[in-house]
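I opened the notebook today to record, one entry at a time, what I looked up in this structure. The sequence and the model come before the notes.

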Amino acid sequence: MLDSIRQGVSSWAIKILLALLILSFAVWGIGDIFIGAGANPTVASVGDEEVTTDQFIRAYYRDLDSLSRRLGRQVTPDEGRQFGLVNQTLSRILGRRMLDQTTNSYGMSISDDLLRDAVWSTEAFQDATGRFDRNRFFQGLGQLGMSEEEYVATLRQELARDQLLSSISVGAFAPAPLVRPIFEHRREQRVAKIAVVSLADLPDPAAPDEPALVRFHQENEARYMAPEYRAVTYVWIPPDALYDEIEVTEDELRRTYEDRIDSYFTPERRAVEQVIYDSEEAALAARQRIAAGETFDAVAEDSGAFNVGATDLGTVEWNDLPEDLADAIFEISEGEVSEPLSSAFGFHVVRVNSIAPEGTQPLEEVRAGIEDEIRRRRAYDGLEDLVNRLEDEMAGGRTLEDAAVRVNLTPRSVPAIDRLGNDRDANAVQDVPDLQGFIEAAFESQEGIVSDPQEGEDGGLFVLRVDAIAPESVRPLSQIRSVVIEDWARIEKLKAAQDKAEAMLNAVKGGRTLEEVAAEHGARVVESEPLTRTSGRVQAEVSADLVTQLFGLDVGGYATAVTADGEGYAVARLERVIEATPTTEGVVLSQLRDSLNSSVAQDIMQQYQLALERDAGVSVNNRLLESLDLNTLPAVHGGGGGGMPLGGLGF
């Protein structure tokens, strides 16, 4: 039963249905209703069930942690709000509450056996051998910010929701008479003969006079916009600025080493190969062959081993192995082939190919790293002191430049930088260690105001002052005359190419052949690849506009359009139509059927969502939601850890 639930949940239908149901709340016209005004006021309600502020914050911080892991950096609560996470979290809560109320009303429940199987089969809670690991279970709960009781209750609800959604999606399919015509429409291909008038084959136009050039520049100002530039003065303090002043004593090195001696210890490791069988007799036969010189892979391949293609365990520590195998494997001598070893997985024949004994790295091997760490830690403390001295100097009336010199720092300047980090010549600004962070700080600062200290990606600190702001503007013709002349000439050649293409089109429509007309106008002729209605850029000569026109023609019909690369005009004749053949495109037909089934499932889910919306009675206190100061609220999202197994489930 659990397998069928899991398969259903992982299918396209359930994923779409669940996403559709939850996301639909984000666009509901939910009322701005005040509910509760106590110490833990109500953010929203579903029927008689309330969502309190504490419950919302708990869920919000979990979603914030999840977003931070996906982005690879810590996202602040305010950033989460800017990302729309507040509404997403509330929508998820409301969607789940509605589904929970529905499953409860139907009397749906999940047995302890199904729940235990679901936990034990969760990959994140398994060790290297695929067995449930209680320590990993609690580590996972810690990362989720949940206690064991909370996780079990949440999982029980989720499995019930999955059952409900599975039942809704059963039988959601597109009728067969609908699938084939859509398939034939989408997969029909067309081939065209194309005559191309290339800009490269056309003569350059005469140079424009000044009025024409000025007019072209004015009519195409959007082409010639200069971005906003900022002139910046800054002081950068690298993390090693104070390294030379920091002296690390031998006593400090040794004390740090002794304090961290456990981190320099490496347990014994063994390189292991194995084959696994369901009977001891098969394992004994395999052992004889391996002892005679055959390889583990060869023996596993033709002897019915469970682990064909995966005989090499690599280098493992004792803790990496199942308890019923670890001691035996770590008693085998190097190069020895074991007798069959019994475990819950079957009978193992093992060979230890090499042994790396346990040991502790001596101080001399890690001295440089410890010394560097101590220097870096002290340097960070020194950087803060240095910045404080810099700010004290400026508080006394000195400029950023003078203050920097007073504390033995070097002020630097960037005459112009845009939001892409380029100067006025479109070259990347150099000598700024954290360019992206520098850009963000520069474009968030007001002119003439020294910024707060910012931490760079190298661990250093910097402060900056925006000295001048040049707003976005049209580059004057005098600065870009050659570029404007080049653009004007290209446009003129495009017009000439279009005129030629239209003349060729008129000629072929008058009865002449495409090849004859192309030769007369100096156009080259190519044949297109087979095109579908959704073909992207498959050839430089075939634009999306041309594809659209070709699928509106009968064989022998003509069309013209600019080429996909913009370097000419094409005149095309439809040569032939290739009908779709389901017998040779069975995979594509199957994919289309799945896609249409998904659409049908979405339609069903929309109707189901409307019914839930009508019956549930959802209310949201939007003003309370908008007024929450997420940065100052207490951290209520903690939890997770050990404890006794809940309800006898044996976790």
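**Entry 1: the whole chain.** I began with burial and found that buried residues make up 42% of the 651 residues in the chain, where buried means under 20% relative accessible area, exposed over 50% and partly exposed in between, for a 1.4 Å probe and protein chains only. I noted that this is a predicted model, in which local features need pLDDT of at least 70 and side-chain atom pairs count only at pLDDT 80 or more, while totals for chains, interfaces and linings use all residues. Residues are numbered from 1 along each chain as its sequence is written, and side-chain values use heavy atoms, with hydrogens and water left out.

I then looked up the secondary structure and found 22 helices and 19 strands in the chain; these are DSSP runs numbered from the N terminus, helices being H or I with at least four residues and strands E with at least two. Of the contacts (heavy atoms within 4.5 Å) between residues at least 6 apart in sequence, 71% join residues at least 24 apart.

**Entry 2: helix α11.** Which residues of helix α11 are buried? In this helix, residues 250–259, I found Glu 252, Leu 253, Thr 256 and Tyr 257 to be buried. Seen down the axis of α11, they fall within an arc of 135°, so they line one face of the helix; the arc is that of the directions from the helix axis to the C-beta atoms. I reminded myself that an α-helix has 3.6 residues a turn, so residues three or four places apart point the same way. The buried residues of α11 pack against β11 (359–360) and α15 (363–395), whereas the face turned away from the buried side carries the exposed residues Asp 251, Arg 255 and Asp 259.

**Entry 3: aromatic pairs.** I counted rings of Phe, Tyr and Trp (its six-membered ring) as a pair if their centres lie within 6.5 Å, with planes under 30 degrees apart taken as stacked, over 60 as edge-to-face and the rest as tilted. By this rule the count comes to 12 aromatic pairs. The rings of Phe 125 and Phe 137 have centres 5.0 Å apart and planes at 90°, so this pair is edge-to-face. Phe 125 lies in the loop between α6 (112–120) and α7, and Phe 137 in helix α7, so the pair ties together parts that are 12 residues apart in sequence. Both Phe 125 and Phe 137 are buried.

Phe 137 also forms an edge-to-face pair with Tyr 151, at 5.9 Å centre to centre and 75° between the planes. Tyr 151 sits in helix α8 (residues 148–169), 14 residues apart from Phe 137, and Tyr 151 is buried as well. I noted finally that ring pairs link Trp 120, Phe 125, Phe 132, Phe 137, Phe 138 and Tyr 151 into a cluster.

**Entry 4: positive phi.** Most residues other than glycine have a negative phi, and I looked for exceptions. Ala 426 has a positive phi of about 65° although it is not a glycine, and phi of Asp 431 is near 65°. Ala 426 is found in the loop between β12 (411–417) and α17 (435–444), and Asp 431 has its place in the loop between β12 and α17. Are these residues buried or exposed? Ala 426 counts as exposed because its relative accessibility is 58%, and Asp 431 counts as exposed at 65%.
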